[in-house]
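Dear colleague,

I am passing on the structure we spoke about, and it is placed just below so that you can follow along. My notes on what was found in it come after.

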Amino acid sequence: MVELLGLWSQFVASVNEILWGSVLMYALVGVGLFFTVYLGAPQFRRFGPAVRQVFGRLYKEQHTDRDGRAISSFQALAVAISAQVGTGNVAGVATAIMAGGPGAIFWMWLSALFGMGTIFAEAILAQKYRVEVAGKFIGGPAFYISRGLTPIIGKGCAKFLAGFFAVSIIIALGFIGIMVQSNSIAGAVNNAFGLDPLMIGVVIAIFAGLIFIGGIHRIAHFAQLIVPLMAVIYILCALAILFLY
């Protein structure tokens, strides 16, 4: 069993080295550069209207969940931010600086700028190929893969790719991503206070379960409280580190 785990670890490390060491790094930046040029740099030209659309309607519009309960635009924004800003922004950046030096920050900025072009394209595709079911719009990558690629690669192949993506994203976000984040939190708390990582994992699971059980309404209310506090603490800690060191 130990030998099998060792072989599996070596295999994962080898694949990770190939993907993240060359293929994905160039592919992500390359695709972002392509969309930035092809779409006329929307992340720069449309930055002002985007800010007005987001922050100008924070408390004006109301969205409803499946139970008909209202969710404000600010709550929707908080949920979106909470999904994007996580332990990777702390542990990931620190690891990158430790491994690649201060120059890693420049490439993070560059990939982020070009990545905005990719995100813009994804958002447009999600709107174009969304469908209406029972009076509600649903969409996303699985939909624009299956519907958008059908004329190019055929219905069967497009449907297979969409299904493969849907299953993969469930595994990645539902298990792998959560385990990495929980492990980072448990490791940080263990290093700082010496608490048992298993106990920290159980506490995280209990608190997360209490929030998720309440559905999007409870998630939105929790996010609108914790995300601003999280942002303020993050910025204050960053400023403290800059001035102290």
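Please keep in mind throughout that the model is a predicted one.

The largest nonpolar core consists of five residues, namely Ala126, Tyr129, Tyr144, Ile145 and Ala162. Leaving aside residues up to four places away in sequence, tyrosine 129 touches Phe143, Tyr144, Arg147 and Gly148.

Turning to the aromatic residues, there are four aromatic pairs in the structure. Phenylalanine 106 and tryptophan 107 form an edge-to-face pair, at 5.2 Å centre to centre and with 75° between the planes, whereas the rings of phenylalanine 160 and phenylalanine 164 are stacked, because their planes are at 25°, with the centres 6.3 Å apart. Phenylalanine 160 and phenylalanine 164 are both exposed, and both belong to helix H9 (residues 155–193), where they are four residues apart, about one turn of the helix. Ring pairs also join Phe34, Phe35 and Tyr38 into a cluster.

Lastly, the axes of helix H10 (residues 197–213) and helix H11 (residues 215–244) come within 6 Å and cross at roughly 120°, which means that H10 is oblique to H11. The contact of H10 with H11 comprises six nonpolar residues, one polar and one charged.

With best wishes

Conventions: Residues numbered from 1 in each chain as written. Predicted model: local features only at pLDDT ≥ 70, side-chain atom pairs only at ≥ 80, totals over all residues. Heavy atoms only, no water. Axes fitted to C-alpha atoms, helices over the stretch in contact; angles between N-to-C directions. Helix = DSSP H or I, 4+ residues; strand = E, 2+ residues; numbered from the N terminus. Parallel < 35°, antiparallel > 145°, perpendicular 65-115°, else oblique. Nonpolar A, V, L, I, M, F, W, Y, C, P; charged D, E, K, R; others polar. Core = buried A, V, L, I, M, F, W, Y, C linked by side-chain atoms within 4.5 Å. Buried < 20%, exposed > 50% of the residue type's maximum accessible area, 1.4 Å probe, protein only. Contact = heavy atoms within 4.5 Å. Phe/Tyr/Trp six-rings, centres within 6.5 Å; stacked < 30°, edge-to-face > 60°.
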